[in-house]
Protein chains: 2
Amino acid sequence: MSQLADFSREEFEVRLANTRVRMQDAGLDALLVTDPANLHYLTGYNAWSFYMPQFLFVPADGDLLLVMRAMDAHGAHHTTWLPREQVAGYPESLVHRAEVHPMDWAATELRERGHAARRMRVGYESEAHFFSVRSFLTLQRRLPEWELVDSQELVNWVRLVKSSAEISLMRAAAAVSSNAMAVGIEALRGGRRQSDIAAEIQAAQAAGIGDAEGDYPSIVPMMLAGEGADTPHLTWSSAQIVAGEAVSLELAGAHRRYHAPLARTVSLGQPSSELQRVAATTLDGFEAALELLRPGQTPEAAVEAWDAVLAKQGLTKASRLGYSIGIGYPPDWGEHTVSIRSGEETVLAPNMTFHLIAGMWMTGFGFEVSESIRITETGVEVLTSAPRELIVKADA
Amino acid sequence: MSQLADFSREEFEVRLANTRVRMQDAGLDALLVTDPANLHYLTGYNAWSFYMPQFLFVPADGDLLLVMRAMDAHGAHHTTWLPREQVAGYPESLVHRAEVHPMDWAATELRERGHAARRMRVGYESEAHFFSVRSFLTLQRRLPEWELVDSQELVNWVRLVKSSAEISLMRAAAAVSSNAMAVGIEALRGGRRQSDIAAEIQAAQAAGIGDAEGDYPSIVPMMLAGEGADTPHLTWSSAQIVAGEAVSLELAGAHRRYHAPLARTVSLGQPSSELQRVAATTLDGFEAALELLRPGQTPEAAVEAWDAVLAKQGLTKASRLGYSIGIGYPPDWGEHTVSIRSGEETVLAPNMTFHLIAGMWMTGFGFEVSESIRITETGVEVLTSAPRELIVKADA
């Protein structure tokens, strides 16, 4: 379970140093890290404990402090490079109480360690899923010396360009995805229950393939079928797959918390002419975009090419064409930084990784295709591997 | 995927009425519901969209309003009883922007619908996992007419006593759990990878058993083995299960979002005398507690009996002995209301449901046993079903 072996101690030091450079640029005396992916990135910490208050305190210099529930602090010794005295566990008696909160305890701990001795500008993650409003307000009240400042996904931005060790993990994640997709496509058949397809995909995601061991993905397999074929984010049910229908699968392989999402659409029988038309246009646009993503430029050219292909067929897509990926924890595998969309100002650079996804949800049907990609020195490496066209299976 | 069929329209009306009674008691003019389990409970809404801002606005009287990302608002029509005009979707252009936020849009929408025409006391869920600090601060700034007040898990408390329709779903969830546990116990063998055991358990959780269809559980299967045998919440890896070791499994079956967690410990070969002693004491204490949970009383007597059995053997347990369960979404299947622990003042009542869990994490090994239970008119119904003792498998 320890992932410390994946990265050198130097790599963790570089990550921390990069974080501190950004902290200095933002005028922060310290940073509170609460996003589990950011915690993992900076310390190696990895456990399903994020549903309880926990954070990493990063001062501009000096020792880090990881604060979590006492029963989980023990696990931190298994998975982080932090010395024991830099992990503090709050007592069980603070869990789910109306009158007292773990952040009351944490504030005292921080004060005793000298982190409230003067006025400080402290960054926090305003959109982190597991930093609750109550945690925020409790720290604000208990540490009036702190000026709490939105860090604007500071650590997420540090994560944007991957190291070569990270790229190896992304490639392994993509191998897991590609295999899970092959298993899902094979499993899809009219008359089978969605839940049985999900069972096979999840087993493939957990088991991995060859040397690429599986891990739990941040999101369960999505299966757009039946009444939900035109709607993203509905999860599988036990309804039967209907022969003749088209089904979109969206899933990720995960490998040691790195994610490579992948989406495909399968027609169980002859696709309607409408679906064929949308699929052909979407694929043309997708490949036009893929051609134009390259280092040294923003994603603008790729998005314009995509829009132009769609416009010629009278189609449009409101949602973005992709987003940065890497480490993921439930409920989301996106990195929350760069989007592949019009107006994105980030200049692409080698070893940025994205999920490029073209999801067209029409009325009553949908078509989805995606790849996990890496920006190279000259263009794009497609990490995932599956036939890209609308997959047509003979009706069972 | 629609779960509206599980409950009558009247049941949804009763849930809303109960919520409004508590709102009146708390002096609230309106309530913002953001916990996905609470959203599901009040409206039937069910999709993996909770990683983006979304909420249900419940005024003291008048129409509800569900606000979510436009691409997900469509799914709401599939899964809720709300009429279309009570579901509002914010535009895609607001996703992951530094300068503007979906709650800016939501505030305007609420204002236009007349929900900021006067001073109002509005409850919010201070510990809900997916109500971000930025969402909170944006609403606070945009709606100065609102006094935002911590609702103290108001809807969670409404969920505490289950209806007979809910109990049926809990029984089905328990059937899924019991089967997944049997699959897990059977799969555990020295030399197999943890990830392969997880694959089999997850497949059983998804597929369900007989009429009890599976659903995705809020938490992945936990497997306390090897270096992590003494540490809760570490997730599975591809490390091999070691013959002779003891492994604790903690998992839940889910059925139409209802959860019934279950934990067991399996010794692969002759257990150490230390493990045998801890297991015997834990089981004695667990059964003593089970005997004393009954309606009309707080959990105090049960906790005292448990503590007394442990104390006789020189053992103690800092963490609570259980918690209320029902609907669950990642990352947690607890209801965040009643805990089975000393000092809990809630009087137990028929059709409350709990996960009673005795986890003893010693140094280098652990023992865990649990059941999902229902409080009956006279005592306890154990919903889950698996041999309760330390399970000893011949070494493979």
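Here is a short briefing, grouped by topic.

Keep in mind that this is a predicted model. We'll begin with a pair of helices from chain A and chain B, then look at a helix pair in chain B, an annotated stretch of chain A, and some backbone details.

**Where chain A meets chain B through α8**

- Helix α8 of chain A and helix α8 of chain B, each spanning residues 194–207, have axes that come within 8 Å and cross at roughly 165 degrees.
- That angle makes α8(A) roughly antiparallel to α8(B), since anything over 145 degrees counts that way.
- As for handedness, the crossing of α8(A) and α8(B) is right-handed.
- On the chain A side, the contact is made by Ser195(A), Asp196(A), Ala198(A), Ala199(A), Gln202(A), Ala203(A), Ala206(A) and Ala207(A).
- On the chain B side, the residues making the contact are Ser195(B), Asp196(B), Ala198(B), Ala199(B), Gln202(B), Ala203(B), Ala206(B) and Ala207(B).

**A closer look at Ser195(A)**

- Ser195(A) sits in helix α8 of chain A.
- Is Ser195(A) buried or exposed? Ser195(A) counts as buried, because its relative accessibility is 0% and the cut-off for buried is under 20%.
- What does Ser195(A) touch, leaving aside its neighbours within four places in sequence? In chain A, its contacts are Trp236(A), Ser237(A) and Ser238(A), and in chain B they are Ala206(B) and Ala207(B).

**A helix pair in chain B**

- Helix α1 (residues 9–25) and helix α2 (residues 36–43) of chain B pack with their axes 7 Å apart, at an angle of about 125 degrees.
- At that angle, α1(B) is oblique to α2(B).
- From α1(B), the contact draws on Phe12(B), Arg15(B), Leu16(B) and Thr19(B), while α2(B) brings in His40(B), Tyr41(B), Leu42(B) and Thr43(B).
- The residues of this α1(B)–α2(B) contact split into four nonpolar, three polar and one charged.

**An annotated stretch of chain A**

- According to UniProt, in an unreviewed entry, residues 169–377 of chain A carry the annotation "domain: Peptidase M24".

**Cis peptide bonds**

- In chain A, Pro330(A) and Pro331(A) are joined by a cis peptide bond, with omega at about 10 degrees.
- Pro331(A) is in the loop between β10 (322–329) and β11 (332–339) of chain A.
- Over in chain B, the peptide bond from Pro330(B) to Pro331(B) is cis, and its omega is near 10 degrees.
- Where is Pro331(B) found? Look in the loop between β10 (322–329) and β11 (332–339) of chain B.

**Positive phi angles**

- Arg257(A) isn't a glycine, yet its phi is positive, at about 75 degrees.
- You'll find Arg257(A) in the loop between β8 (246–255) and β9 (258–268) of chain A.
- With a relative accessible area of 0%, Arg257(A) is buried.
- His96(B) isn't a glycine either, and its phi is positive at about 50 degrees.
- The loop between β4 (87–90) and α4 (102–112) of chain B is the place to look for His96(B).
- His96(B) is partly exposed, with a relative accessible area of 28%.

Technical notes
Residues numbered from 1 in each chain as written. Chains lettered and ligands numbered in written order. Predicted model: local features only at pLDDT ≥ 70, side-chain atom pairs only at ≥ 80, totals over all residues. Heavy atoms only, no water. Axes fitted to C-alpha atoms, helices over the stretch in contact; angles between N-to-C directions. Helix = DSSP H or I, 4+ residues; strand = E, 2+ residues; numbered from the N terminus. Parallel < 35°, antiparallel > 145°, perpendicular 65-115°, else oblique. Left-handed = near helix turned anticlockwise from the far one by under 90°. Contact = heavy atoms within 4.5 Å. Buried < 20%, exposed > 50% of the residue type's maximum accessible area, 1.4 Å probe, protein only. UniProt positions renumbered as here; feature names shortened; annotations may be inferred. Nonpolar A, V, L, I, M, F, W, Y, C, P; charged D, E, K, R; others polar.
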